[in-house]
Amino acid sequence: MNTRLTYNFLVIFAVLFLASCTSGRWIVVDESAVDRDEYQVIDKSVFLNQPTSVTPQNPVLTYQLLSKDTRRYSEKALMKRAVQDYKLRPGYLALGITGAATAFYLANSTSITGAGSSTQQFTLNALGGLMGLSGFLNMKPVGEPRFTGEQRYLRNTGTFVETDTLQVTEDSTYQAEVTVVYGDSTLINEETRSFSSGLLEINLANILSPLNIEGSDPGNISVKVAFQDSVLATSWPVNQVLLPFAQISSPITLLRNEPTQDSENVLAELVRGSQLQIVEPQEEWYKVLYGISENYIARDDAQVVWRSSGFDIDNQVVAVPRAPFGNIDVENNIPILSNINQNAYALLASNENYRGGLSQRNYALRDAQLIDTYLSNALGFEPKNIFKSYNFTSAEQLKSQIQKLRTATNDSSSVFIYLSGYGTIEQGENGYQLGFLPSSESDSLAVDKQINLTTLFRQLATIAAKEMVVLADIDFEALNSDLEISEESFVLNDPLQQATKPLTDSLQNAAIIFGSNPAQNSELYTGRGQEDKKHHIATYFFAKALQERKTNMAEIFQYLERNITFTSRKLHDRAQDPRFYGNIQIDLVNNE
């Protein structure tokens, strides 16, 4: 019996020795913790922040309404609840159990103390129980306490003052006065605006877009926002707000995939008014976006305009299809109007390549090819008798071709002269002086190389001929748009009549047609949403008259008067009136 009791006692002792438990408790973690929920506002001020930079993709100036708050917080003792693991201490447990066993033995045994009183027995039993319990209660904490997330503040230990800047996010009654200035123009003058969710937004692109700003240097836009007692003033370059676009200013420009003048790299023909975003300006070209690809247009054919990033590009580019020579109505179905005339000679002088502020005179060489085709196929001119001077760059080059023509002709010859290019007007003491401009070899305009038109007709007057017809499709207006030629001055001192006088005075059978008067543009037969004939209007209708078998100068000029002015008005809303000088009875066909 005693052995079994001893065994049981040892088992119980081993279990108790290995026993452990877990308990929760509150721990003071900070004697001066700030209670953010308990504060007093002792000072408050509202102000605007300085806006960040703008870009064409985000052209909105955004001002944030900020509040600078000074608050007094209470400092308190902060307690947090934690869970702690405990393990029995073997030494204390053994001591407690030993003491308890001894007390129990003394209380309940008579072998040592004899029969004790009930009071003594109760006292010893109680003492044994306390000693045994003390062995279990004296446990050792194991590991770090694990906080449960519960916390609470106890007593106040002090105060804490803090100043913080916060964004106002709710709607408020605050307002600001906005002033926007561009150049010398005040676009918005002290306009009162409210805040929405603490924000004041100013869309600079929407303000600038209606101005249709042009030029490579668009300047700056200034913004002032007055709020309470402060004013925020900023200035932004317009090129940080809007994007540069190339707006086609010439009647036609060629879109190329390389920045070189080559007939093989032309992708499309764009009409006047088309707009393409500029990727990079170059010396002679603009690299532009056409769809998603980067291509090139001649710099002289466009002017820079500024648009927002949301500009509708798709509706601003008008491309006309390219057509090989012979695909236009006037280039085919050419009638045979005359037999081969061995004594018929012609000079075709046409300039297309211009630079230094002048756009390329598109289709000028195609015009010359059209006249060449009608002379050869319809009027019986031998190809060897047609002298050509295309894109000549000096008066000497043209004079050389005139000399060849002079050498070839005689008093019985029929001579046809075609002149196409840009012209100049200068106002001198004796009226207006007209010039014919050679092509440009460099960026500088070759005005100093211009050919005096009176001198040119004087040279033509030295050519031996029975009759001479001159068709001049010269655009004087392109260089002289600021020069005003009054109607009265034009009537009293017609510069075209003065220029052609050396020829009309020396040759009775001379007829000269100008496609327009000097105060007008010589326009292309093309326009936005209109048919494209790939020629200048005057040259087109001259060939059209021949196609309709009109060969007499009176019939031809009447046809030109009726069609040139109407077409120019329809396509370009501009007047273009042809002029005639000389003998109007000449017939281009003489089959004697």
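Modeller: Let us begin with helices, which are DSSP runs of H or I with at least four residues, while strands are runs of E with at least two, both numbered from the N terminus. The expected span of a helix is 1.5 Å times one less than its number of residues. This is a predicted model, in which local features need pLDDT of at least 70 and side-chain atom pairs count only at pLDDT 80 or more, whereas totals for chains, interfaces and linings use all residues. Residues are numbered from 1 along each chain as its sequence is written, and side-chain values use heavy atoms, with hydrogens and water left out.

Biologist: How many residues does helix 11 have, and what does it reach from its first C-alpha to its last?

Modeller: Helix 11, residues 553–572, has 20 residues and reaches 27 Å between its first and last C-alpha, close to the 28 Å expected. At its start, a side-chain oxygen of asparagine 552 comes to within 2.8 Å of the backbone nitrogen of alanine 554. After the helix comes aspartate 573, with a positive phi near 55 degrees.

Biologist: Which residues of helix 11 are buried?

Modeller: An α-helix has 3.6 residues a turn, so residues three or four places apart point the same way. Buried means under 20% relative accessible area, exposed over 50%, and partly exposed in between, with a 1.4 Å probe and protein chains only. In helix 11 the buried residues are Met553, Ile556, Phe557, Tyr559, Leu560, Asn563, Ile564, Thr567, Ser568, Leu571 and His572. These buried residues pack against strand 22 (467–475), strand 23 (510–514), helix 10 (537–547) and strand 24 (579–582).

Biologist: How many cavities of 30 Å³ or more does a search of the whole structure find?

Modeller: On a 1 Å grid over the protein atoms alone, a cavity is a set of points where a 1.4 Å probe fits but cannot get out, and lining residues have an atom within 4 Å of a point. Grid points are joined across faces, edges and corners, and a volume is the space filled by probe spheres set on the points. The search finds two such cavities. The largest cavity holds about 120 Å³ of space, and among its 13 lining residues Asn341, Phe381, Ser414, Glu467 and Leu588 lie nearest its centre. Strand 19 (414–428) and strand 22 each give two or more residues to this lining, and strand 19 has the largest share, with three.

Biologist: What is the volume of the second largest cavity?

Modeller: The second largest cavity has a volume of about 50 Å³, and its lining includes Thr253, Trp285 and Asn362.

Key
Contact means heavy atoms within 4.5 Å. A polar contact is a pair of N or O atoms within 3.5 Å; within protein, one must be able to donate a hydrogen and the other to accept it, and residues adjacent in sequence count only if both atoms are side-chain atoms. On a 1 Å grid over the protein atoms alone, a cavity is a set of points where a 1.4 Å probe fits but cannot get out, and a pocket is an open set with protein on both sides within 12 Å along at least five of seven lines; lining residues have an atom within 4 Å of a point.
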